[in-house]
Amino acid sequence: MEVMQVLHMNNGEGETSYAKNSNIQRKIISETNSRLKEAILNIMCNNKEVPESIGIADLGCSSGPNTLMVVTEIINIIYATCRKSGSSFPELRISLNDLPGNDFNYIFRSLPAFFQKVKEEKGAENCYAVGVPGSFYGRIFPRKSLHFVHSSSSLHWLSQVPVGLATNARTTLNKGKLYISQTSPSDVINAYVSQFQNDFSSFLRSRSPEMVTGGRMLLSLMGRSSIDPTIEDGCYYQWELLAHALSTLVSKGLVEDEKIDSFNAPYYAPCPEELKIAVEKEGSFIVNRIEAFEIGWDASVSSNSSTQCEDKKILLLSMGQQVAKTIRAVVESMVENHFGNEIMDDLFSVYGDLVDDYLYKKRAVYVNLVVSLTRKD
């Protein structure tokens, strides 16, 4: 699987699009607002005067209503700070990054109205935005061009399937599974751990020359609370139930066993200790803090059932089916690439039923890790 080519959130504005099924990600962004404000104020106030031009990058921006949430909050914070100090509003250079398959056209269509609103409400005309397609596991910006880097719900995606687990691997190490499970051999776990360490180190090394001294970085990603990678709150059951759904389709003759054995998710949910060790080992950044908070699987359901729900049919879906829509919007591109388009409706219908059964027994949560870093001298 060429991750850079096939991984993207579902495009457009249809029923299974990310734009209409990203309430959990929206809640995660909202939960980190206080840390965002802290980082931006640090950039503004630790200089003798407000910088004339501020470079901002949102990595893994995706598309849909969440894309400009962080940018909006940053503009609000900078505007309020400038009014308080009597300073002029600085030039903002905003870079929106994601993999090439991202629906950048959706973003570009929304920008004129967005900046017109900024101009009318704040009188700010010097905000400039560009789309930057490419992997953030390599260099994508000029040297010392960024004051602030943000990434939310993205860094748990790996640059590739761990070495040894790829589709063309000679032996099947993770039979019947899509990710780390309690039955996975140590070689599978070690492969995932090694791939994440390599990728996260590459991410830090790439950002280091791109950021100014004292620049801030705020990263939010799915993680886990324990050093045990098979713990349930590490999205273990998200992939376990999807593997179970695929096995159900095998029993119906819709999927071949070998297809499941040859698919492994390019995903890893780290623990806080892994992140801290990786940052300290790379050496370019100071760890300000690493925090964790829980988000219930039902977060998307409660949001869909309120003012954001325009389609009454959504209200008739079970909790599991609504969770399945959220997961489908994220993983369908790479699952479809491997298993084919024909089974997608059946797969996520079965998956929704399995989620319903699981949620009947217990409350399921995601653990989100928030990492605040400062670029060293």
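Biologist: How many bridges join strand S2 to S3, and which way do they run?
Modeller: Seven bridges join S2, residues 91–98, to S3, and the two strands run parallel. Keep in mind that this is a predicted model.

Biologist: Which residue in S3 is the bridge partner of aspartate 98?
Modeller: That's proline 133.

Biologist: OK, and what's the strand order in the sheet?
Modeller: The order is S3-S2-S1-S4-S5-S7-S6, in an open sheet of seven strands with mixed pairing. The edge strands are S3 (127–133) and S6 (285–296), each pairing on one side only. From one strand to the next, the twist averages 15°.

Biologist: Which strands does helix H3 touch?
Modeller: H3, residues 33–45, packs on the sheet and touches S1, S4, S5, S6 and S7. Its direction makes about 175° with that of S5.

Biologist: And where does H9 lie?
Modeller: Helix H9 (residues 272–282) lies across S5, S6 and S7, and runs at about 160° to S6.

Biologist: Switching to H13: how far apart are its end C-alpha atoms?
Modeller: They're 26 Å apart.

Biologist: Which residues in H13 are buried?
Modeller: Among them are Met344, Leu347, Phe348, Tyr351, Leu354, Val355 and Tyr358.

Biologist: Zooming out, how many helices does the protein have?
Modeller: There are 13 helices, along with the seven strands. The radius of gyration is 21 Å, close to the 21 Å from the globule rule for 377 residues, so the protein is as compact as a globular protein of that length.

Biologist: What percentage of the residues are buried?
Modeller: Buried residues make up 57% of the 377.

How values were computed: Residues are numbered from 1 along each chain as its sequence is written. This is a predicted model: local features need pLDDT of at least 70, side-chain atom pairs count only at pLDDT 80 or more; totals for chains, interfaces and linings use all residues. Side-chain values use heavy atoms; hydrogens and water are left out. Two strands pair if DSSP finds at least two bridges between them. Helices (H or I, at least four residues) and strands (E, at least two) are DSSP runs, numbered from the N terminus. Axes are lines fitted to C-alpha atoms, for helices over the stretch in contact, and angles run from 0 to 180 degrees between N-to-C directions. Contact means heavy atoms within 4.5 Å. The expected span of a helix is 1.5 Å times one less than its number of residues. Buried means under 20% relative accessible area, exposed over 50%, partly exposed in between (1.4 Å probe, protein chains only). The radius of gyration is taken over C-alpha atoms; the globule rule is 2.2 Å times the number of residues to the power 0.38.
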